[in-house]
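This report covers selected local features of one model.

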Amino acid sequence: LWTWAADELVIAAPVAVPAGGEGTADIVVAARSGTVTRLDARTGTPRWSQSLGADARAELVVVDGVVLVADERERLTALDAATGAVLWRVEPGLVVELAAAGESGGLVVAMVESGEIVALERNSGEERWRTGYTGLARGVLVVDDAVVALTDEAVVALEAASGAVRW
């Protein structure tokens, strides 16, 4: 149908973004160079492009009109999915896994290379809580009122509100 050439290697799978009233989804991609681009899924035409100012890292997450992307400078950036404008930027550590909850939770969770799980407010980037984990990070997700983290040593469930161990 169409092709689009990134300025450098695209480091993660593209993520679908609702296009609004048109009823079709757009695509957001992050290049290794730190350029995040939203493409029209029908034509491949860029809608916007935003530079992170550092190499992108990890998978993109899109939730409730926000694109979340980590970079090699230990920053996590929230972009407005409609415009690409920077909503907030924080430095939780070098992100290796990333997840977010929809409207009800408003939570962003990052597993960072230093061995910590960091929970942030989705709207502001303000830190809610931080706790440690053991082993190598393999994945994280937010399910209802829990954060489930997977390492090569364990699966652990934490209370989304406090970070307290559930099981």
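Which residues does Leu150 touch, not counting residues up to four places away in sequence?

## Leu150

Leu150 touches Met111, Leu136, Ala137, Arg138, Gly139 and Val155, a contact being heavy atoms within 4.5 Å. Leu150 belongs to strand S14 (residues 146–151); strands (E, at least two residues) are DSSP runs, numbered from the N terminus. With a relative accessible area of 37%, Leu150 is partly exposed, that is, between buried (under 20%) and exposed (over 50%), using a 1.4 Å probe and protein chains only. Leu150 and Gln50 are separated by 100 residues in sequence and by 31 Å in space, C-alpha to C-alpha.

## Basis of the model

The model is predicted, with local features requiring pLDDT of at least 70 and side-chain atom pairs pLDDT 80 or more, while totals for chains, interfaces and linings use all residues. Residues are numbered from 1 along each chain as its sequence is written, and side-chain values use heavy atoms, leaving out hydrogens and water.

## Asp40

The loop between strand S3 (35–39) and strand S4 (46–51) contains Asp40. Asp40 counts as buried because its relative accessibility is 8%. Leaving aside neighbours within four places in sequence, Asp40 is in contact with Trp2, Asp26, Thr45 and Arg47.

## Sheet S5-S6-S7-S8

Four strands form an open sheet in the order S5-S6-S7-S8, with antiparallel pairing; strands pair if DSSP finds at least two bridges between them. Strand S5 (56–63) and strand S8 (86–90) are at the edges, each with a single partner strand, so one side of each has no neighbour in the sheet.

S5 pairs with strand S6 (residues 66–71) in the antiparallel sense over 5 bridges. Arg57 stands opposite Ala70 in S6.
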